[in-house]
Amino acid sequence: MKFLVVLLGLVLGSSFAGYAVPRVQVQLSVEPATRAFTCQYTFVLPAGDTSSVLRLNLRKDFRVQRGQLGGAAVQVRHVYYPYFTDTVQQVVVRYPAGRPRARSFTLVYEGILQKERTTAQVLEFSGHTIWLPFRPLEEYELVDYTLDVRVPPGYQVRSTRPPLGAKPGRFRFEGQASAIELTAIIAPQFYQAVANRGPAIAVVKAGAPLGFKEAAILPKAQDIIAFYNRTIGRQDSITRFTVLLTGTKQDAFGLLDNATVITYTTDFDIAQREDLLILAHEISHKWWGYGSVHDESEWLNEAFATYSSMLYLQARGDTAGYRQNYEKLAKTTVNTPAITGFDRTKYESGMFRRVVYNKGMVVLAALHARVGTEQLYTILARTAAQRVGTTTAFLGVVGQVAGPETRAWLLARLSE
Ligand SMILES: [Zn+2]
């Protein structure tokens with residue numbers, strides 16, 4: 001599917017957690033033999049949000065059974081959603097004017113999990129499955145959630161964090177995540193390698209024991225997280241982290257909720273520099289996920305994750321690897337539009353990566369050369385802790401740490 005290509009390797013958010021966020025209650029019931037599922041989804045706007053209209057987008061192949069809301073008008077229509085280059089079903093709920101009570105809406109729908117997100121043993125309900133509704137342009141807004149999953153006897157469920165309660169066939173998870181990133185991996189059995197010191201890091205594999213290459217992911221994840229906790233994450237460090245291995249052979253993506261999903265398990269070889277860079281990139285998305293995916297501020301997600309992974313290589317003494325990766329990406333940035341004001345819809349699809357990932361990385365490397373390593377870490381740690389989501393806010397951090405001249409210099413680099 002095309003939008004999955006667009007989404008490949010990214011994870012993002014567009015809200016700041018400092019204020020009240022919507023609350024979401026999800027009850028997911030799955031029949032693994034047929035990949036069929038039913039989902040009851042309740043969306044509750046924060047208290048005090050008296051919006052008169054609520055819109056929720058849902059994949060077009062899901063069948064809406066019903067929506068429940070006393071007195072409000074509910075309409076379902078098909079609209080084109082450019083980000084997916086496809087249509088979606090849009091549920092429009094209009095609330096009666098002048099009623100101060102909480103805005104909530106419950107939607108029940110059923111669908112078939114797409115085959116490419118399954119194996120003979122595993123079903124992957126993840127941020128790349130797009131199995132949940134979301135507000136238009138807000139798929140990465142933060143929500144507080146409870147997720148209840150029902151599966152037949154003999155199946156287990158894992159998520160980005162441990163279950164709160166698990167009875168046979170029933171699993172409950174709770175936390176905060178991007179709206180489309182609630183995760184339920186389902187399999188008859190899970191196998192894991194767990195860190196015995198430092199942050200609670202686990203590599204969890206669905207359906208089959210960890211192979212030799214997969215077991216090697218744990219010590220590398222520990223080393224990457226230790227490096228980040230001393231540098232970019234020193235104001236907001238990682239205390240727990242889960243690497244989920246699904247075997248569905250599609251992609252890799254980091255999640256705001258201290259987790260990453262790596263689906264091409266058996267081919268993934270952490271001894272290879274390219275795969276080490278992927279792991280370091282995805283882990284760093286724990287911090288780099290607050291720029292909007294719909295405008296230029298996505299460079300705050302992808303260029304920052306790309307450069308973070310290169311900082312890890314450099315800190316581990318692989319300066320040749322850093323250099324090689326830099327040259328490989330930098331040469332794609334010749335004659336590309338500026339990051340400031342970049343609009344992906346105006347260019348062929350390849351331009352997105354050249355500008356948002358690669359050119360952004362070149363700008364960060366130039367900032368690194370200008371201010372030095374220690375000051376760069378201070379800038380990145382503050383940017384991460386403040387969950388900066390716009391280029392303007394990032395320029396503000398740079399101005400505070402490195403002064404107005406460096407801020408002006410950076411603005412010029414982003415505009416060329
Ligand atoms: Zn990324």
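This is a guided tour of a predicted model, stop by stop, for use in a viewer.

Before you start, note that residues are numbered from 1 along each chain as its sequence is written. Because the model is predicted, local features need pLDDT of at least 70 and side-chain atom pairs count only at pLDDT 80 or more, while totals for chains, interfaces and linings use all residues.

**Stop 1: the domains**

Colour the protein chain by its domain assignment: domain 1 (18–187), domain 2 (191–284) and domain 3 (296–414). These bounds come from an automatic or database domain assignment. The centres of domain 1 and domain 2, taken over C-alpha atoms, are separated by 26 Å.

Now select where these two meet. Here 20 residues of domain 1 are in contact with 18 residues of domain 2. Contact means that the C-beta atoms of two residues, placed from the backbone, lie within 7 Å. On the domain 1 side, β12 (170–178) and β13 are the elements that give two or more residues. β12 gives the most, with four residues. Helices (H or I, at least four residues) and strands (E, at least two) are DSSP runs, numbered from the N terminus.

**Stop 2: the three-stranded sheet**

Select β8, β13 and β10. They form an open sheet in the order β8-β13-β10, with antiparallel pairing. Two strands pair if DSSP finds at least two bridges between them. β8 (123–125) and β10 (156–158) are the edge strands; each has a single partner, so one side of each is left without a neighbour in the sheet. Neighbouring strands are turned by 20 degrees against each other on average, direction ignored.

Zoom in on β10 and β13 (residues 184–187). Three bridges join these antiparallel strands. Pick R158: its bridge partner in β13 is I185.

**Stop 3: the five-stranded sheet**

Move to the open sheet with the order β14-β15-β16-β18-β17, where pairing is mixed. Its edges are β14 and β17 (252–255), each with a single partner strand, so one side of each is left without a neighbour in the sheet. From one strand to the next, the twist averages 15 degrees.

Start with β14 (residues 190–194). Five bridges join β14 to β15, and the two run antiparallel. Pick F190; its bridge partner in β15 is A206. β14 and β15 form a hairpin with five residues between them. In the turn, G198 has a positive phi of about 70 degrees.

Next, select β15 (residues 200–206). Five of its seven residues are buried, so β15 is largely enclosed by the rest of the structure. A residue is buried if 20 or more other C-beta atoms lie within 10 Å of its own, exposed if 12 or fewer, and partly exposed in between; C-beta atoms are placed from the backbone.

β15 pairs with β16 (residues 240–245) in the parallel sense, over six bridges. A202 stands opposite T242 in β16. V204 stands opposite L244. K205 has L245 as its bridge partner.

Stay on β16. Five of its six residues are buried, so β16 too is largely enclosed by the rest of the structure. Four bridges join β16 to β18, and these strands run parallel. V243 stands opposite T260 in β18.

**Stop 4: a loop residue**

Go to T345, in the loop between α6 and α7. With 9 C-beta neighbours inside 10 Å, T345 counts as exposed. Draw a distance to I180, 165 residues apart from T345 along the chain: their C-alpha atoms are separated by 22 Å.

**Stop 5: helix α7**

Select α7 (residues 350–371). At 1.5 Å a residue, its 22 residues should span 32 Å, and its end C-alpha atoms are 31 Å apart, which agrees. The expected span is 1.5 Å times one less than the number of residues.

Centre on K359. There α7 has a kink of about 25 degrees. The bend at a residue is the angle between axes fitted to the seven residues ending there and the seven starting there.

Show the buried residues of α7, among them R354, Y357, K359, M361 and L367. What covers the buried residues includes α5 (299–315), α6 (319–330), α8 (373–385), α9 (391–402) and α10 (404–414). Finish just after α7, at G372, which takes a positive phi of about 90 degrees.

Notes. Axes are lines fitted to C-alpha atoms, for helices over the stretch in contact, and angles run from 0 to 180 degrees between N-to-C directions.
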